[in-house]
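Let's take a walk through this one, from a single loop residue out to the sheet and the cores. Keep the model open as you read.

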Amino acid sequence: MTDSTAHLMSQIGSQLASQLSLISLNGRRRPGPPALVVVAHGSRDPRALRTVRKLLDRVRDQRPGLPVHLGHIELNEPLLPDTLDSLGTRETVLVPLLLSRGYHIKRDIPEMAAASRARARVAGALGPHPLLVDALQARLVEAGWRTRMDEKTRRGSAVVLAAAGSRDPESKVDTNRTAELLAERLGVPVVPAYATTAAPTVQNAIDSLQARGFHRVAVASYFTAPGRFATECAEKAPWIASAPLGTHPAMAKLLLHRYDQALSTPAAVTPLRGAGNCATSHEAPALAI
């Protein structure tokens, strides 16, 4: 069975389970849960879309009966406005597949939601969160990171947390916190660095660590899916580089956690059109639109 056929069969199965869950024992239709729309950025790299689709299948596996949809900010179809249009006036929770706060979460996604007919809440960024650290550690171990080291090896080891980068200072705050959590988990220094826009660059972070005597410097890929930035950062690794977070089970669990969190948090009704700073933080109440 090809990947596309398997994906189609999974979608059909998920939709069938969703429909059956709406029928009670007396045959009456009962209200279903709000739809989950995972909002991905979009990428020209075809691997990114394949990865995101597989991740959504993991979400469906973890929460049978939950309607799960995909919408992109740009570059890939379906675009978020088209996904929202297809949902009509249904209650919806938008969960960004984005690791930190920034322009897309603060403005782009809320404005797209406000322009639609959907009764939408916008969840916060995925990070920082311990589940992301679970995924980061697992990816490093897959790449060759040893969970047990003698003291000499540990003193010579460090990690560069390679992220996309943003002009938004809160994005950097979130990435820094993830680096702190990963450092606590691994017991070695973790330096956040960026593929673009923000400083330090991944190469500068590597050079700085090596100048301080760290001869085993790993690059931890803080990207949700393969793409140009993830590839470029991995190529700079002087030792090992982990794969993007991708379809790790912790990612699906975190998407559902943000969905549940948005539903359980009292939502503030916010006039989004023309508002420039109406975002939710990663633990703030969701926006009801």
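Leaving aside its neighbours within four places in sequence, which residues is Asn76 in contact with? Taking contact to mean heavy atoms within 4.5 Å, the answer is Gly42 and Ser43. Before going on, a word on the ground rules: this is a predicted model, where local features need pLDDT of at least 70, side-chain atom pairs count only at pLDDT 80 or more, and totals for chains, interfaces and linings use all residues. Residues are numbered from 1 along each chain as its sequence is written, and side-chain values use heavy atoms, with hydrogens and water left out.

Back to Asn76, which sits in the loop between β2 (68-72) and α3 (80-87); helices (H or I, at least four residues) and strands (E, at least two) are DSSP runs, numbered from the N terminus. Asn76 counts as buried because its relative accessibility is 13%, and buried means under 20% relative accessible area, with exposed over 50% and partly exposed in between (1.4 Å probe, protein chains only). A polar atom of the Asn76 side chain lies 2.7 Å from the backbone nitrogen of Ser43.

Now look at the open sheet: 3 strands in the order β6-β5-β7, with parallel pairing. Its edge strands are β6 (190-194) and β7 (216-221), each pairing on one side only. Two strands pair here if DSSP finds at least two bridges between them; β5 (residues 157-163) and β6 are joined by 5. From one strand to the next, the twist averages 30 degrees. Lying across β5, β6 and β7 is helix α7 (residues 169-186), which runs at about 150 degrees to β6. For such angles, axes are lines fitted to C-alpha atoms, for helices over the stretch in contact, and angles run from 0 to 180 degrees between N-to-C directions.

Zoom in on Ala162, in strand β5. With a relative accessible area of 0%, Ala162 is buried. Its bridge partner in β6 is Ala193, and beyond its sequence neighbours within four places the contacts of Ala162 include Val202, Val219 and Cys233.

Finally, the nonpolar cores, meaning sets of buried Ala, Val, Leu, Ile, Met, Phe, Trp, Tyr and Cys residues joined through side-chain atoms within 4.5 Å. The largest has 49 residues, and Val159 and Trp145 are among those with the most contacts inside it. Helix α10 (residues 249-264) gives the most to this core, with 8 residues. There's also a second, separate core of 17 residues, including Ile73 and Met112.

Note on methods:
A polar contact is a pair of N or O atoms within 3.5 Å; within protein, one must be able to donate a hydrogen and the other to accept it, and residues adjacent in sequence count only if both atoms are side-chain atoms.
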